[in-house]
Amino acid sequence: ERFRGLLGVHQETAQSFLRTVMRSAASEAAQRKATREAEIKNTTLGSIMNTLEDRYNSTEAVVKDLFYAFLLPEVRRQELRAQGKKIAVFIWFAWACNNKCCSCR
């Protein structure tokens with residue numbers, strides 16, 4: 001009876017030890033895999049980011065961005081304002097002629 005009890009304790013201790021070793025091995029493997037994936041990602045994204053920074057951080061790129069983002073739309077807005085003023089003058093003139101407020105005939 002004592003032998004069986006001793007054998008049972010021994011088996012539980014051995015199983016506990018094996019579980020601990022397996023968890024540790026799995027944890028280390030997962031950590032190595034995550035580290036490797038992070039290194040690959042950093043290498044890949046790092047080269048892509050360097051390429052993008054080189055391409056878009058130049059003075060020429062900044063000037064081009066400002067030109068297309070601000071100056072062209074501003075010129076278009078000014079053109080539309082000028083057209084709007086011309087249309088407003090035309091409408092006023094047409095209204096005035098219909099109401100015979102001016103000598104346009």
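1. Let's start with Arg81: its relative accessibility is 47%, so it counts as partly exposed. Keep in mind that this is a predicted model. Arg81 forms a salt bridge with Glu74, with the closest N and O atoms 4.0 Å apart.

2. Glu74 has another partner, too: its side chain meets that of Arg77 in a salt bridge, 2.9 Å from N to O. Arg77 and Glu74 sit about one helical turn from each other, because they are three residues apart in helix H2. Arg77 is partly exposed at 37% relative accessible area, whereas Glu74 is buried.

3. What else is buried in H2? Ala61, Ala96 and Cys97 are on that list along with Glu74. The cover over the buried residues of H2 includes helix H1 (2-56).

4. On the shape of H2: there is a bend of about 35° at Phe67. The end-to-end check still works out, because 40 residues (59-98) at 1.5 Å a residue should span 58 Å, and the end C-alpha atoms are 57 Å apart, which agrees.

5. Arg36 is partly exposed at 48% relative accessibility, and Glu39 is partly exposed at 41%. The whole structure has five salt bridges.

6. One for the surface: Leu45, Ile48, Met49, Leu52 and Tyr56 make up a nonpolar patch with about 450 Å² of accessible area together. Met49, which lies in H1, is partly exposed at 43% relative accessibility.

Conventions:
Residues numbered from 1 in each chain as written. Predicted model: local features only at pLDDT ≥ 70, side-chain atom pairs only at ≥ 80, totals over all residues. Heavy atoms only, no water. Helix = DSSP H or I, 4+ residues; strand = E, 2+ residues; numbered from the N terminus. Expected span 1.5 Å × (residues − 1). Bend = angle between axes of the 7 residues up to and from the residue. Buried < 20%, exposed > 50% of the residue type's maximum accessible area, 1.4 Å probe, protein only. Contact = heavy atoms within 4.5 Å. Patch = residues over 30% accessible without salt bridge, like charges linked within 9 Å, V, L, I, M, F, W, Y side chains within 5 Å. Areas by Shrake-Rupley, 256 points an atom, 1.4 Å probe, with all protein chains shown as cover.
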